[in-house]
Each structure stands twice: as structure tokens, then as C-alpha cells.
Amino acid sequence: MPPEVLSDTANDSTVTILVVRPHPDDESSLTGGTLAYYAARGVATAVVTCTGGEEGEIHDPDLDPIADLPRLREIRERELRTACEILGVRELRLLGYRDSGMLDTPGNEHPEAFCQADPAEAAGRVVKVIRELKPHVMVIEPPGGLYPHPDHVKSHQVGLDAFLAAGDEDAYPEAGPAWNVARLYAAAQIDDGRWDELLPEFRAAGVDVSWLERRVERPRHPGPETATVVLDVSPHTEVQREALLAHRTQIPATSFWATLPQGLRRRAFATAYFVRMHPPAETGEREPDLLHGLDFPNRMD
């Protein structure tokens, strides 16, 4: 049985935006620019990380990929805490489940793997965090996960179930008084054509783009017209990069994030996209911001 939710603070500090992600480093990748964007505006944010990332590799040259593997959960937690500090995240909560590993790998069968967790029990852990931190907005994985990794798929369902249950006073009474989160968004991978336009510049800069060229073999992501919120996070791409590179075990020095020139990086990662799940967005509905029209008094000083 995974340990209880870990709390970074002993007080009842509240936040405005709560982001639920599967692994350490996920907070910095797709949602890193967004967390930095809101922190820069004095908005209090929180991250829930579902697993310890035990199935990841070790790219840190200061570590031994074999000898240090048993300590990977501990190492990745330190990396996660550093990244959250860089992103200005006020509250971090760890659900304590084990990384399930990629689809159809032995890690899927581990009894403590997130994909093996009882859905109601896992949702209850997130409900406890919601009722403690009282966010106005939640951001979760899209349906089916951002890609077919068991933990991304599970994270969506657990986040959705927790969002629905948190406001029900009859659900999980042991988790504290009910709290209704005003809005629920899914982070979205959108094909806006930007990376295709930048490919010649990537090549000219000597960046290995072979993995990008292979994208043509996979189905295209939806276009920008499917997003409810289109957020310009380009001023925060360097903060996002710094946070992601804090995950030294996962991001080698030769990675795309580490080697892409700053100007190209700012353009490549300029936009964050979200689809509003609750209240359901009408087709073509647009909002300028995740907090548009909401009263959110709890700001970071």
C-alpha cells in the first residue's frame, strides 16, 4: 500500500491552480511554462505528482545507472522539489504510488504501481489535497493521457474522479469538508504547425531532429481550433527549461531541451493549450486565460 499523501507544509495554505501530473518532470514539460506564467503574476499554484518515477533511466553523469537505481525515487523527489521551486510552485503533494513503466513492461505488474491502484482509493488521495488547498481551477491529463503510458491514462481518470467527488459532501467524508473547484481543464497537445515551420532552423542550428521527423508516421494532434485556452508562455520558456534541466536523471546534456538555442526554444515552446472539461466548453468557445472571470483572492506575496 502506498504511503499517505505527503504534505510540504503544516499550515492550511490555499492555492488558485492545482495541476495533477503522473511523474516527476511532467510538471516541468508540458505545464512548466504555465506554472511559471501564473507564478510571475502572483497566482498561487500547486502540483500533485502521482508516482515516484522509479521506472525512469539515469542520465546524470554524476550517478551510476546501476548502483544508484534503487535510490531513483529519492533522487527524483529531490529533482522535483528543485524544479517546483524554480517554477514558483507554492505547494507540492506526492501521492506515493510507484511508476508503472511504459505500456506492456514488467513495471505494469508491480503491486504498488499506479496503474494497479484502486481507482476510488487513488481519487480519495487527490480529493484530500483538493479540500486542503481549495483551488479554483484544476488541470489534468486529457482523456486517454497525453500518450498511452499507463500512468498518464490513470492520472486523467483519477484527476477527473477527484474533481467530481471533491464537492460532494457524502464522498470521502474523512478527507475534510467538501470543496467545489470552479473549473477543470485538460492540458492539450496541439498541432499548430509551429514545429514543422521551425524544422529547417532546427537543422541549421545542428539540432538532432530525427525524432521530430518521425512524427509523420503518427496521427497528427488536433489543431488550435479545438483549444479553449491558448496561453502565450514565451516569456517563461527559460524558466521552464531551467526547471526541466533540474531533472538531471531524466534529461541528458545532449537532449533537445539542453541544446536548442534560446531564440528557437522560445518560439518552439511559446504556447500552452487547454481544453475546458467543466463546465463543458461549447464548440469554438474561447477564453483568454484559465482564470478569466473568476475571483481568486489568494495571491502569492
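Buried means a relative accessible area under 20%, exposed means over 50%, and partly exposed lies in between (1.4 Å probe, protein chains only). The model here is predicted, so local features need pLDDT of at least 70 and side-chain atom pairs count only at pLDDT 80 or more, while totals for chains, interfaces and linings use all residues. Residues are numbered from 1 along each chain as its sequence is written, and side-chain values use heavy atoms, leaving out hydrogens and water.

**Exercise 1.** Work out whether Asp-99 is buried or exposed, and which side chain it joins in a polar contact.

*Solution.* Start with the place: Asp-99 lies in the loop between β4 (91-97) and α3. Next, the area: Asp-99 has a relative accessible area of 4%, so it's buried. Now look along the chain: Cys-50 is 49 residues apart from Asp-99, yet their C-alpha atoms are separated by 8.3 Å. Finally, the side chains of Asp-99 and His-23 are joined by a polar contact of 3.5 Å.

**Exercise 2.** Find how α3 and α4 are oriented to each other.

*Solution.* First, locate them: helix α3 covers residues 119-133 and helix α4 residues 150-166. They pack at about 55°, with axes 8 Å apart. Angles under 35 degrees count as roughly parallel, over 145 as roughly antiparallel, 65 to 115 as roughly perpendicular and the rest as oblique. So α3 and α4 are oblique to each other. Then check who meets whom: among them, Val-126 and Ile-130 are on the α3 side, with Val-158 and Phe-163 on the α4 side. The residues of this contact divide into 11 nonpolar, no polar and three charged.

Notes: Axes fitted to C-alpha atoms, helices over the stretch in contact; angles between N-to-C directions. Helix = DSSP H or I, 4+ residues; strand = E, 2+ residues; numbered from the N terminus. Contact = heavy atoms within 4.5 Å. Nonpolar A, V, L, I, M, F, W, Y, C, P; charged D, E, K, R; others polar. Polar contact = N/O pair within 3.5 Å; in protein donor to acceptor, adjacent residues only side chain to side chain.
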